[in-house]
Amino acid sequence: MKTLWGVDLGGTKIEGVVMNADTNEVLLRKRIPTEAHEGYAHIISQIARLINLLKEETGLAPVAVGFSTPGALDPSTQTMKNCNTTCMNGQFMKKDIEKAIGVPIEIANDANCFALAEATMGIVKDVVPDAKVVFGIIMGTGVGGGVVINGQVLNGRHGIGGEWGHNVLEEDGYDCYCGKKGCNETVFSGPSLQRYYTKISGKTLTMKEIYQLHLAGTDPHATQTLQYLVKSFGKAISYIINVIDPDAIVIGGGVGNIDEIYTEGPEELKNWIFNSRVVETPFLKPKLGDSAGVFGAAELVRGY
Ligand SMILES: [Zn+2]
């Protein structure tokens, strides 16, 4: 049996999956703690431990393993960057993991793996089976994106393909941790929307509470926050559509679950895209939930 092996490397847990490559059936799934506070070398040994556990329990061995990581592998330096588990940054992680587990690996960031999983095994496969170009977005505490073309992640020359969260939307906006101002992430991530609401209302609420107040129709500031989200999102996504005109857009994360993005977002982007007829781009909610990272990681090595 041909199998796909994937690992979702997170800040708190490392999850592995072994799948049947023909049916995508999950044969085994296992998670262990990352224990990132113990440092980089410990993370590598935890990864090796997880792969050994998967091998022992399935009686199988991988020919390659795909990894979903919080940051990106820079293709020219072969080191990691943009990881929020900061001890990984600057490390030759691909080489170090390959040495530890003895097979080749592929690495893509978590938003790319999300996009890949939903494109090849998730909602896009179900709803738009002939989709060639898919843009996947995670809108939650941060904003990330990934481009999938014909079932392959577009990593790009610098390893930043799809990093839409750090496109600048508001030039005089808030400082972003990436060093720029007014990135998409500083506009419509969950914490950014909460900050916007606090600015106009003087109150501090969670995004969930703000959304409930908007639905109840009792708080004009909550409704204004939702309108700000929809308008900002529509403008930001128009730049993607004008460049790659994807066959489907799939949106995950807590903010990505807000219905108005799907109902009013496409209306809003009519103001911005170079298109004279109705916008046909399907905006889809994801299907795989938390599994997208590990399934997308496994999908990275289908070609081996
Ligand atoms: Zn940024």
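Two strands are taken to pair if DSSP finds at least two bridges between them, and strands (E, at least two residues) and helices (H or I, at least four) are DSSP runs numbered from the N terminus. The model is a predicted one, with local features needing pLDDT of at least 70 and side-chain atom pairs counting only at pLDDT 80 or more, while totals for chains, interfaces and linings use all residues. Numbering starts from 1 along each chain as its sequence is written, and side-chain values use heavy atoms, with hydrogens and water left out.

On to the rest of the sheet. The strands form an open sheet of five, in the order E10-E9-E8-E11-E12, with mixed pairing. Strands E10 (152-153) and E12 (283-284) sit at the edges with a single partner strand each, so one side of each has no neighbour in the sheet. Within E10, Val 153 is the bridge partner of Val 148. Helix H3 (residues 110-120) lies across E8, E9, E10 and E11, at about 45 degrees to E9; H8 lies across E8, E9, E11 and E12, at about 150 degrees to E8. These angles run from 0 to 180 degrees between N-to-C directions, with axes fitted to C-alpha atoms, for helices over the stretch in contact.

Next, the core. A nonpolar core here is a set of buried Ala, Val, Leu, Ile, Met, Phe, Trp, Tyr and Cys residues joined through side-chain atoms within 4.5 Å; buried means under 20% relative accessible area, exposed over 50% and partly exposed in between (1.4 Å probe, protein chains only). The largest one has 34 residues, of which Met 139, Trp 164, Phe 188 and Ile 237 touch the most other members. H8 gives the most to this core, nine residues. Leaving aside neighbours within four places in sequence, the contacts of Phe 188 (heavy atoms within 4.5 Å) include Met 139, Trp 164, Leu 229 and Phe 233. Gly 190, in helix H6, is buried at 7% relative accessible area.

Finally, the metal. The zinc ion is coordinated by His 166 (ND1), Cys 176 (SG), Cys 178 (SG) and Cys 183 (SG) at 2.0 to 2.3 Å. Donors are N, O and S atoms within 2.8 Å of the metal (3.2 Å for Na, K and Ca), and water is not among the atoms, so sites may look incomplete. The four donor atoms subtend angles of 104 to 117 degrees, which makes the arrangement tetrahedral (four donors, all angles between 85 and 135 degrees). Cys 176 is buried at 8% relative accessibility, whereas Cys 178, at 33%, is partly exposed.

Methods: Tetrahedral: all angles 85-135°; square planar, octahedral: opposite > 155°, others 65-115°.
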